[in-house]
Amino acid sequence: MLSKSSYLIFIISGVIGISFWIGFNVNLLPTEASINAPIYDELFKILFIIGLILFIGMSLLVVYSLFKFRKRKGQIGDGIALEGNLKLEIIWTVIPSIIVLVVGLYSYNIYDRMGGMNELNHDHSLMGNNSEKIWAGISQSNNNLGLIDTNIEVSAMQFAFLFNYPKGDFISGELHVPVNKEISVKMESKDVIHAFWIPEFRIKQDIIPGQPTVLNFTPTKVGKYPIICAELCGPYHGGMRASIIVEEQSDYEDWFNQNKKDELIA
Amino acid sequence: MTILIDKKNQVTEKIQPKGFLRYFSFSLDHKVIGIQYLVCGFLFYLVGGTLASAIRIELTSPMSDFMPRDVYNQVLTLHGTIMIFLWIVPVVNGAFGNYLIPFYVGARDMAFPRLNAVAFWLIPPSGLMLITSYFIDGAAQAGWTAYPPLSITTPQSGQIVWILSVLLLGGSSIFGGINFIATILKLRRPGLKLMQLPMYCWAMLGTSILVVLSTPVLAGTLILLSFDIVANTGFFNPVLGGNVVVYQHLFWFYSHPAVYIMVLPAFGLVSEILPIHCRKPLFGYKTMVFSIMGIVVLGLVVWAHHMFTSGTPPWMRLFFTIATAFIAVPTGIKFFNWVATMWGGKISINSAMLFSCGFIINFVFGGITGVALAQVPFDIHVHDTYFVVAHFHYIVYGGSVFVIFSSIYHWFPKVTGKLLDEKLGILHFALTFIGFNLCFAPQHWLGLNGMPRRVAEYDPQFQFVNQISSLGALFMAISTIPFLINIFLSVKNGKKAGDNPWGALTPEWLTSSPPPVENWKGEAPLVTEPYGYGIDTTDN
């Protein structure tokens, strides 16, 4: 017969063990296809494990109490007259506070690594217009001017995305980008609020009428991924989708050269 | 002097119809008004639930094939608006607040009985107006958030009716809030101190403060939005130089506290139910009070976490992340205290207790996804997806609605003098709990993998999981059948409950069931230890 405290340690380590196992073995997320994705998935894994420990622990406590302290047949009278326990109450104020603070700081770190804390240039290269204030999405690099490989303008309207390649002076219905290059999209809406979401990249930014927004990202995996509008924008909102095609640099250049305006070739 | 008072009472009793009819009258009795709120709210819940079923039927297939796309948007807008403004808010506040608060403070009625009746009678017309707008020229279709410019550009009559009806419901809510604050602070029986009040009073005090502070902001915002629609002003219209993000700030300044307006009273109700069925004092009364007030303060400064993808500046995102995540601390305290209340008790396992335990488990799950959503980088991926839909329903359905059912099982004997059938009650709980989790747990995965919210059509790879979710919704729909049968059978031939079937110590049980018009035959009892279980086990 084990003592009470060794049972307790056994159960707690069991809950933690199971949570870690699930956290590391159950994948709830789609393919990782950008620099941001593995950083995001790291945060997800940590939050998932902490969440599982708390959820399984609390559920076990509730179910156990309900079973263990149920009123047996013929039993009368009350339970113990316990009105509180200052030490316990301090423990379950302080420990969650620490967890919340650590998680907050950690997610700040994740956000910084994703590029969220970088000040976006107010004069977006190519579209440079100093008077125009562009609101932050996520920016991978500190200095957009030198490092951005490809600039693309996105216009969203009910119910489509259009992609303008200013360098080639053409508009496409599909977003083609080279792999492993930093891409910057500047987004404007023609009518209502839309959103630009690529689940495989773990990024999203609202497209706001009257207020251009910017999103920078670096795809890491060749393939075709959906671009989804995530903000209710009217009856055909569910159908407002486009594709992003991530391809090798040479394939991208072929596609670009086929589409760009002829006079620019010379 | 006493003769004078008696005469006055006779006059009021003459004016007010008796029996079943009084529930259709402009009654000033807080108990009648409470039941009016509850029954009216439940009827709207059935409407909102029908709309939810329509949404789940549409989503069993990836194509938009069950109803036209614009009707789908009207359905989801009506579903959200009805469930929030006509079911949960009026029931957890108006219904239980009106019925219980005067008992708890030892008063014979609310502070302003006429204002109370007005607050209730604003609800049925505005609800009916909202629903009939669908049949006239189409209901609003910009979602319950009504973000401009969509709400400005969609068909205007439906949107204007929506604004008008939400304004009336907001007004009703403010009247109720003022009434509760006045009743709790000013109508307390002599000798009853604030720190001796049952926990639901504290929850209602906190909630009412939130209602009074934040609902006027929503009202102002919606009035500006209506100007944009009917008078062509440009407050939120970008074509005329307006700013759409300002609307979001103003809207969420109310609508985030609105979540606490829906769950804080539920926290209070659970704090009343658990000690009685566990036969133990409420654990940590003082920390419960402080955590309610902590949630009230923090709840007012977290609204921008709904706007992490709206182009808010980085420093603002960080502030709102930390503030939001910290709400988990006072909320967590309450959950630990409830489990500690159960610990070492003599728990009667009945429908009220099961629904309360279901609430704890569901809400812990919803709270954990809530802390995750508070983290900016996490939120950016799942914002506006089914992950948020799932999280929100874990809070308001798994939380508030489970508590509403728990409370109905708990206080039904008080209101009618009869017990509900336990077998049907447990069947109701099992169907609801299984159906609810089957419906909403898979939606987390949908959101993470690329299904946005508010869509009538989706990527075919999500069909199977959506069908599981719809199956859960079917369970939930079926679960109302045993509940309704139970209510109708028990009202007619339920087992006699006696005045105090649970052996409770809170003041509403220290009178007859159902209670007399003025709550107590004689003087109101002075209850300074509403949770004094276990202290003297022989005295019951």
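A: One begins with confidence, as this is a predicted model. Chain B has an average pLDDT of 92, and 96% of its residues score at least 70.

Q: How should a stretch of low pLDDT be read?

A: Where pLDDT is low, the predicted coordinates should not be read in detail. For the model as a whole, the scores are ipTM 0.91 and pTM 0.93.

Q: How many residues does each chain bring to the contact between them?

A: Chain B brings 78 residues and chain A brings 74 residues. On the side of chain B that touches chain A, helix H12 (residues 328-342) gives the most, with nine residues. By class, that side of chain B has 48 nonpolar, 22 polar and eight charged residues.

Q: What does the general idea of a nonpolar core say, and which residues touch the most other members here?

A: In soluble globular proteins, nonpolar side chains tend to be buried together. Here the largest nonpolar core has 229 residues, and those touching the most other members are Ile88(B), Cys201(B), Met262(B), Val270(B), Ile360(B) and Val364(B). Leaving out residues up to four places away in sequence, Ile88(B) touches Met83(B), Met262(B), Val396(B), Ser400(B) and Val401(B).

Q: How may the length of a helix be checked, taking helix H13 of chain B as the case?

A: One compares an expected span with the distance between the end C-alpha atoms. At 1.5 Å a residue, the 24 residues of helix H13 (residues 351-374) of chain B should span 34 Å, and its end C-alpha atoms are 34 Å apart, which agrees. H13(B) is also mostly covered, with 24 of its 24 residues buried.

Q: Where does Pro482(B) lie, and which residues is it in contact with?

A: Pro482(B) is placed in helix H17 of chain B. With 20 other C-beta atoms within 10 Å, Pro482(B) is buried. Apart from neighbours within four places in sequence, Pro482(B) is in contact with Leu424(B), Leu427(B) and His428(B). The pair Pro482(B) and His428(B) lies 54 residues apart in sequence, yet 5.9 Å apart in space, C-alpha to C-alpha.

Q: Which peptide bonds in the backbone are examples of the cis form?

A: One of them runs from Gln158(A) to Phe159(A), with omega near 0°. Phe159(A) lies in the loop between strand S1 (150-157) and strand S2 (160-165) of chain A. Another runs from Ser513(B) to Pro514(B), with omega near -10°. Pro514(B) is found in the segment after helix H17 (463-493) of chain B.

Q: Which residues other than glycine have a positive phi, and are they buried or exposed?

A: Arg202(A) is one of them, with phi near 60°. Arg202(A) belongs to the loop between strand S6 (194-198) and strand S7 (203-207) of chain A. It has 30 C-beta neighbours inside 10 Å, so Arg202(A) counts as buried. Arg279(B) likewise has a positive phi, of about 55°. Arg279(B) sits in the loop between helix H9 (244-278) and helix H10 (285-299) of chain B. With 26 other C-beta atoms within 10 Å, Arg279(B) is buried.

Methods
Residues are numbered from 1 along each chain as its sequence is written. Chains are lettered from A and ligands numbered from 1 in the order in which they are written. This is a predicted model: local features need pLDDT of at least 70, side-chain atom pairs count only at pLDDT 80 or more; totals for chains, interfaces and linings use all residues. Two residues are in contact if their C-beta atoms, placed from the backbone, lie within 7 Å. Helices (H or I, at least four residues) and strands (E, at least two) are DSSP runs, numbered from the N terminus. Ala, Val, Leu, Ile, Met, Phe, Trp, Tyr, Cys and Pro count as nonpolar, Asp, Glu, Lys and Arg as charged, and the others, Gly among them, as polar. The expected span of a helix is 1.5 Å times one less than its number of residues. A residue is buried if 20 or more other C-beta atoms lie within 10 Å of its own, exposed if 12 or fewer, and partly exposed in between; C-beta atoms are placed from the backbone. pLDDT is the predictor's confidence in each residue, from 0 to 100. A nonpolar core is a set of buried Ala, Val, Leu, Ile, Met, Phe, Trp, Tyr and Cys residues joined through C-beta atoms within 7 Å.
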